[in-house]
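Here is a friendly briefing to read with the model open beside you.

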Protein chains: 2
Amino acid sequence: LESRAVALPVSLSSPSKLSIERQLVDQLRRLIKHGALFPGARLPSSRMLADDLGCSRTPIVAAYDRLVAEGYLLSRPRSGLQVATRMAASPPARKVSRGEVIGLSQRGRELADTQQRLGLRSAQMPGHPSIEGFPFELWGNLCTRAWRRPTSALVWGDDPAGYLPLRQAIAAHLRMVRGMVCDAEQIIVTSGTRHGADLAARVLLDPGDQVAIEDPGWPAWQVLASHGATLRPVPMDDEGISVEGLARLAPSARMVAVTPSHQFPTGVAMSHRRRLDLLDRARKQQMWILENDFDSEFQYSGEPLSALRSLDEDRVIYLGTFSRSMFPSLRLGYMVLPRHLVETFLQARSTIDGFPPMMLQPVMAAFLEEGHLARHVRNMRRLYKARHASLVAALRRHFGDRIEIVPTCGGLTLTVMLRQGCDVALARDARACGLSAYPFSATAVETTPRPGLVLGLAELPEDHVDAMVARFAALSAPASAVGMSLPA
Amino acid sequence: LESRAVALPVSLSSPSKLSIERQLVDQLRRLIKHGALFPGARLPSSRMLADDLGCSRTPIVAAYDRLVAEGYLLSRPRSGLQVATRMAASPPARKVSRGEVIGLSQRGRELADTQQRLGLRSAQMPGHPSIEGFPFELWGNLCTRAWRRPTSALVWGDDPAGYLPLRQAIAAHLRMVRGMVCDAEQIIVTSGTRHGADLAARVLLDPGDQVAIEDPGWPAWQVLASHGATLRPVPMDDEGISVEGLARLAPSARMVAVTPSHQFPTGVAMSHRRRLDLLDRARKQQMWILENDFDSEFQYSGEPLSALRSLDEDRVIYLGTFSRSMFPSLRLGYMVLPRHLVETFLQARSTIDGFPPMMLQPVMAAFLEEGHLARHVRNMRRLYKARHASLVAALRRHFGDRIEIVPTCGGLTLTVMLRQGCDVALARDARACGLSAYPFSATAVETTPRPGLVLGLAELPEDHVDAMVARFAALSAPASAVGMSLPA
């Protein structure tokens, strides 16, 4: 990784009125804006740059963090820091105010603000799968098999629901791995969970409608607000979203959006009793349930819980994705719809974007039909379970009772809560030690943010996890001091 | 094709109170609803079924047409009639009215109604490319090359603008084939023109905003209305959209959506003078221009015209697609944005669906970089030009002055206008003779529909086009009688 980093043409003036951090930020910003640092260029590690410049790592880490926050740099798993593509060489705010140019719409401004406020880059969210052991050789061969002499169904396929054999394979897969009974007619192929949520919002919500969401919760539910719905945060407890809170805080919500298998960010699996209560409430309140079932494939312990969709086929819109069981850039998901909604969703989809791209669909269909996904998920479950256990053990060993590990049955992330301190700074320390970490408080909407960390576990190298956590524990030891390094 | 058709378990009672057409419609509807005819099943040709049943083709064609109109059957180029996927075995209206089920949103109902009213299945729209001669062998090999040992950029790539090498290749391609200067930073990869229009509407339009569209025009602009914009149809003349009409009918429009290279459905290429007038008007009115530049690759005669985008980089949102130069199921498009809008569009896209699926992007990038698309387009242009000429010649020969051929410089469709008659019935006759045809009147929004046909030319077999047109001319000869067979 280090060998692919660019040489940074920066230098420090000393003595200077400006801090080292400030000097670095200014110089790097300028280099990126002017295109001297090209998009995608990899930055040297803070250690490497500290050696070059003859200074400590602290101001370098701080400068890098600021540039990430400003969007100049991206922090990517496995490839370190890179220059962000879209900032380079085109300072966007510069050219806007030519008197003649019309403004954005109100909605457009809100969309952009949302994203900026959240500051969410999916790369910074933990929960990426590991791609070790993904059978790319086989995947490549399946691609060729489908496309070298494609059937006319592949070349002309324009079904707004997606390629039928893929939908059949998804139905069979859900029956097998999730115990869910549905048929291919109820499935729509999407380009991911967010795309499915977007479609559901367009068909089921009007501007001003209320949508209840879990608080803290999955930030990407913001897509529902992009159609003018009002999001109503409802507190979580250790069985899932509070149904009493839902009745009190969002009594007229037309939809509730949940992640019941492995709630993001708490890791809580919604209890069976809570599932029944939620469905009961949804019936009383005439409310749709949007079920994002991610990580249900990766359960390590406990009784498997039925999907909400399996408990009520008429009221639940089920969202699934292959991005976490395959690899992140795949962007292939699906929704399972109540039978009476299928026709309307297909008509809406026809108007909006026609039909899903075919390229990927026969390849995924074959991968499912031939049992490769089932096998891969089995292997990954074993691997993740071991990594989960190593991470828990290392955290217990090196942090003791400074942290509280939230009990969970599975998933690609582990959540730990802190007694005190600033979790933004702590997440930064964790990342500096090679861990994938996200501050828990950043996922809170209205609840008072407790400090905590959501840690990615899929990519942890078992041989090094103990050393990494030890380093992290040492770095963050003066827990009260950590709070002071919070960027202004 | 015929060999893959299913055997239809239908029979005729004779004598019967019901017409043959009615008997067939009833029996086929039942078979499809109950799943005895499975989704995707191919129907025998009307000739084949007429032989089986010992009746004439006329009632069979009529029954098939009705079932297509009702959505039970799909008519697909090169594969004939098929059972529609989503009707089979799941009568959608049946289960809706369980008192407890909540209704759709107002917006959802409108979306579905729009699609139903238009009755548009992309398969029925002419303008599909020919896939003869597409180098699938090579395409399959490029897939394998990209995916058997993918780089980490492919596996992790999450840029909301799309894969950088693809955007660079698109920029180079546009420079080469379209003389357009833009850079990769201004390009966003989409899943087609409609997807790009959808994104533009979300960023640039608020509910209630006016959007001017060409009348008659491209039906898929309805996607703009799905966000609450009001579409204002503006008449076309032989130089393009009427700018005088625009000023009069949509004086406060915030956007105008046009297809200037080869207007759908008239085939008119917007004159250079008109382009300048439109841009002038857009500046005065502070209006965005949405330019759908389809078919610009396939110009057979005349001077090439600059894209609107090349004449004004700050006001035009340019939409391009590869679905017409490659193959229809590809669903890969792009937009070229004014520099000052890029950042906002990327933020919006991050919220809405994250980033485009990676699978296809490196393959397309290689296909462009290695010059395969340029070569394929060159070959296809030659082929289409010849087919265009044969179709024009055959129409002149067999229809004489019963029709008027709209002069055009290129494109995958040819538009002919009729002196009188019902173009819906005529399009049906044309399809029965193997031609791809769409009634001109179905594309009119508010203008009085003139009868006419939009004919697909890309797939016409040159050796048979004369015979096909001759048959069509004979079938439609009693032009006034045709009007009577219009379905109720």
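Two strands count as paired if DSSP finds at least two bridges between them. With that in hand, take strand S12 (residues 413-418) and strand S14 (residues 452-456) of chain A: they pair in the antiparallel sense over five bridges. Please keep in mind that this is a predicted model.

**The sheet in chain A**

- Strands of a sheet pair through backbone hydrogen bonds, either parallel or antiparallel.
- In chain A, four strands form an open sheet with antiparallel pairing, and their order is S11-S12-S14-S13.
- At the edges you will find strand S11 (403-405) and strand S13 (437-439) of chain A, each of which pairs on one side only.
- On average, and with direction ignored, neighbouring strands of this sheet are turned by 25 degrees against each other.
- Helix H16 (residues 423-432) of chain A packs on the sheet, where it touches S12, S13 and S14 of chain A. The direction of H16 makes about 175 degrees with that of S13(A).

**Where chain A meets chain B**

- Chain A gives 103 residues to the contact, and chain B gives 103 residues.
- About 9,600 Å² of area is buried between chain B and chain A, and carbon and sulfur atoms give 55% of it.
- Six salt bridges are found across the interface of chain B and chain A.
- Arg202(A) and Asp198(B) are joined by a salt bridge between their side chains, at 2.5 Å from N to O.

**A helix pair across the two chains**

- Helix H8 (residues 193-204) of chain A packs with helix H13 (residues 342-353) of chain B at an angle of about 85 degrees, and their axes are 7 Å apart.
- Angles of 65 to 115 degrees count as roughly perpendicular, which makes H8(A) roughly perpendicular to H13(B).
- On the H8(A) side, the contact is made by Arg194(A), His195(A) and Asp198(A); on the H13(B) side, by Ser350(B), Thr351(B), Ile352(B) and Asp353(B).
- Sorted by class, this contact of H8(A) with H13(B) has three charged, three polar and one nonpolar residues.

**Salt bridges in the whole structure**

- Side chains of opposite charge can pair when their charged atoms come close.
- Over all chains, a search of the whole structure finds 52 salt bridges.
- Arg387(A) and Glu132(A) meet through their side chains in a salt bridge of 2.9 Å, N to O.
- Arg387(A) lies in helix H15 (residues 372-399) of chain A, and Glu132(A) in the loop between helix H4 (106-118) and helix H5 (136-147) of chain A, so this pair ties together parts that are 255 residues apart in sequence.

Notes:
Residues numbered from 1 in each chain as written. Chains lettered and ligands numbered in written order. Predicted model: local features only at pLDDT ≥ 70, side-chain atom pairs only at ≥ 80, totals over all residues. Heavy atoms only, no water. Axes fitted to C-alpha atoms, helices over the stretch in contact; angles between N-to-C directions. Parallel < 35°, antiparallel > 145°, perpendicular 65-115°, else oblique. Contact = heavy atoms within 4.5 Å. Nonpolar A, V, L, I, M, F, W, Y, C, P; charged D, E, K, R; others polar. Buried area = accessible area lost by both parts, 1.4 Å probe. Salt bridge = Lys/Arg side-chain N within 4 Å of Asp/Glu carboxyl O.
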